[in-house]
Amino acid sequence: MAVNLVNVENVSKVYGTRALLDGVSLGVSEGDRIGVVGRNGDGKTTLIRMLARLEEADSGRVTHSGGLRLGVLTQHDSLDPEATVRHEVIGDMADHEWAGNAKVRDVLTGLFGGLDLPGFPKGLDTVIGPLSGGERRRIALAKLLIEEQDLVVLDEPTNHLDVEGISWLARHLRERRSALVCVTHDRWFLDQVCTRMWDVQRGDVYEYEGGYSDYVFARAERERIAATEEVKRQNLVRKELAWLRRGAPARTSKPRFRVEAANELIKDVPPPRDTSELMKFASSRLGKTVFDLENVSIEAGPKLLLQHVTWQLGPGDRIGLVGVNGAGKTSLLRAMAQAARTEGEAQPAAGRIAVGRTVKLAYLSQEVAELDPSTRVLEAVQQVRERVDLGKGREMTAGQLCETFGFSKEKQWTPVGDLSGGERRRLQLLRLLMDEPNVLFLDEPTNDLDIETLNQLEDVLDGWPGSMIVISHDRFFVERTTDKVYALLGDGTLRMLPRGIDEYLERRQRMEEAVAASAPAPKSAAAPERSAADQRAAKKELQKIERQLDKISEKETKLHAAIADNATDFGKVAELDAQLRGLADEREELEMRWLELAEDA
């Protein structure tokens with residue numbers, strides 16, 4: 001029988017006149033992996049802070065088992081700014097001691113990309129004080145994960161991690177013996193890690209068995225049985241459930257909900273997007289040309305990020321863009337946005353970006369635009385437009401769209417200066433959509449947004465007719481809102497991945513294994529040196545493969561253009577898509593051979 005670690009008994013917490021938690025009773029036992037969800041401001045962080053005894057309850061009791069080893073990651077670290085990374089993470093362990101510890105090596109490689117902490121100016125000996133908030137947060141997480149605990153409590157652990165880092169963290173937490181309570185808005189992460197869910201709503205906490213997919217079904221079923229008045233929110237939940245059930249069957253490792261019941265609940269729910277209809281509408285708004293990149297190279301200081309890239313963003317394309325940090329994802333969007341703003345006058349370091357004459361771009365950057373803090377929320381939206389056309393006959397007033405994005409009628413009269421970071425992010429999105437753009441660039445749009453707001457945003461984007469590029473570490477959002485995934489792998493190229501983010505992670509792992517295999521090793525006396533003739537032959541074949549890869553890129557570009565031109569001819573699109581998949585397989589074989597030859601050369 002599992003040992004009980006923490007008991008929360010009849011706990012209440014009031015801020016001002018609002019009861020965040022009202023008579024809540026919960027328990028955490030050995031082996032529990034609990035995900036905590038709910039709207040921003042409903043008390044998720046307060047709940048886990050009281051669970052960890054970092055905050056006192058107004059009434060009720062929180063008890064820990066004797067000798068409980070507890071590790072907590074809060075949203076504000078307590079690292080010593082004068083200390084080095086080595087001092088905070090490794091402590092007093094000697095180099096041979098921590099380097100020989102598989103757990104330490106795994107954590108450092110998973111969170112920082114290598115034992116030498118690439119990206120940090122002095123590696124482990126970097127002083128913490130000047131580092132960014134994201135870097136400090138990774139250090140705090142590494143310090144916590146290297147230690148042994150009975151219970152780990154994490155508040156938004158995936159913030160500031162890229163797709164690879166999140167994938168590693170999910171695997172690491174699955175393999176740990178310690179119990180887990182985790183607040184996160186990352187739905188893919190919840191599905192991978194959690195076996196129970198706590199949903200914090202209006203002072204209560206509802207418990208569900210299973211991961212996020214199971215929770216979505218159970219909540220929809222509970223609301224259907226209770227016949228709540230929140231019909232609109234229930235429909236959104238059913239829509240998301242329909243998408244989950246139509247997606248990859250292994251999205252959740254141990255589904256607990258009844259498949260027959262789930263199918264019955266969603267039998268009348270249409271697919272989230274009518275792709276052909278949206279493509280047709282987008283073509284009428286945009287014409288054939290949106291963005292055409294010809295032989296484009298992009299630099300950041302002395303570093304060449306993209307080299308000789310030829311690519312096309314067509315009408316109605318919904319693209320997810322993934323890649324290693326520093327590979328140039330944001331730089332690519334900025335170069336395209338600059339070309340659009342200057343009507344093609346501003347161009348990158350090499351090559352040319354052609355912009356369609358009808359393009360009306362909205363660019364959501366990672367920085368939240370500053371507004372007059374005295375302006376009310378509704379006024380800030382109405383400054384852009386009073387009404388917005390969302391396509392397919394859907395029209396909303398500024399006030400209605402505000403409500404859709406979680407700003408109640410009362411909240412709409414709140415000064416912008418009083419909004420939280422997540423609320424400002426929502427307002428920034430609102431203002432972009434109110435301007436009725438036909439091209440959207442979204443750079444980390446999910447930052448600071450809770451799951452219910454993400455559901456609302458996804459619903460709005462489902463019917464939005466235009467072209468879109470999304471950069472996000474939230475793979476659930478990328479898979480939910482886009483149709484194709486392209487990757488920047490750090491080698492100066494831009495490649496389409498037919499199997500999406502799973503393929504990206506596989507490619508990255510192969511690249512890292514190849515780099516590790518080609519790392520110089522101590523030479524034995526009997527180790528034969530490669531002859532000059534062998535090296536020349538390898539270099540010659542490398543050049544041949546690089547020419548073949550260039551030709552494949554050209555063919556892929558032409559096929560993408562042909563798919564856009566024949567968007568309504570499903571037979572033709574299927575034929576062209578099969579050709580694309582064939583090219584992707586050919587590219588993969590050539591890349592593997594290239595990696596083998598690189599060592600010989």
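Visitor: What about helix H16, how many of its residues are buried?
Guide: In H16, 12 of the 12 residues are buried, so this helix is largely enclosed by the rest of the structure. Buried means under 20% relative accessible area, exposed means over 50%, and partly exposed is in between (1.4 Å probe, protein chains only). Helices are DSSP runs of H or I with at least four residues, strands are E runs with at least two, and both are numbered from the N terminus.

Visitor: Where does this model come from?
Guide: It is a predicted model: local features need pLDDT of at least 70, side-chain atom pairs count only at pLDDT 80 or more, and totals for chains, interfaces and linings use all residues. Residues are numbered from 1 along each chain as its sequence is written, and side-chain values use heavy atoms, without hydrogens and water.

Visitor: Back to H16. How far does it reach from first C-alpha to last?
Guide: H16 covers residues 451-462 and reaches 16 Å. That is close to the expected 16 Å, taken as 1.5 Å times one less than the number of residues.

Visitor: And what sits at the start of H16?
Guide: A side-chain oxygen of Asp450 comes to within 3.3 Å of the backbone nitrogen of Glu452. Glu452 is one of the buried residues in H16.

Visitor: New topic. How do H4 and H6 pack?
Guide: H4 (residues 102-112) and H6 (residues 163-175) pack at about 150 degrees, with axes 8 Å apart. That makes H4 roughly antiparallel to H6, a label for angles over 145 degrees. Axes are lines fitted to C-alpha atoms over the stretch in contact, and angles run from 0 to 180 degrees between N-to-C directions.

Visitor: Which residues meet there?
Guide: From H4, Asp106, Val107, Gly110 and Leu111. From H6, Gly165, Trp168, Arg171 and His172. Contact means heavy atoms within 4.5 Å. The residues of this contact divide into three nonpolar, three polar and two charged.

Visitor: What about Val152, buried or exposed?
Guide: Val152 is buried, at 1% relative accessible area. Val152 belongs to strand S6 (residues 151-155).

Visitor: What does Val152 touch?
Guide: Beyond neighbours within four places in sequence, its contacts include Gly71, Leu144 and Val181. Val152 and Val181 are 29 residues apart in sequence, yet 6.4 Å apart in space, C-alpha to C-alpha.

Visitor: What is phi doing at Arg53?
Guide: Phi of Arg53 is near 60 degrees, a positive value in a residue other than glycine. Arg53 lies in the loop between H1 (44-51) and strand S4 (59-64). Arg53 is partly exposed, at 47%.

Visitor: And His308, where is that?
Guide: His308 is in strand S11 (residues 303-313). Phi of His308 is also positive, near 55 degrees.

Key
Angles under 35 degrees count as roughly parallel, over 145 as roughly antiparallel, 65 to 115 as roughly perpendicular and the rest as oblique. Ala, Val, Leu, Ile, Met, Phe, Trp, Tyr, Cys and Pro count as nonpolar, Asp, Glu, Lys and Arg as charged, and the others, Gly among them, as polar. A polar contact is a pair of N or O atoms within 3.5 Å; within protein, one must be able to donate a hydrogen and the other to accept it, and residues adjacent in sequence count only if both atoms are side-chain atoms.
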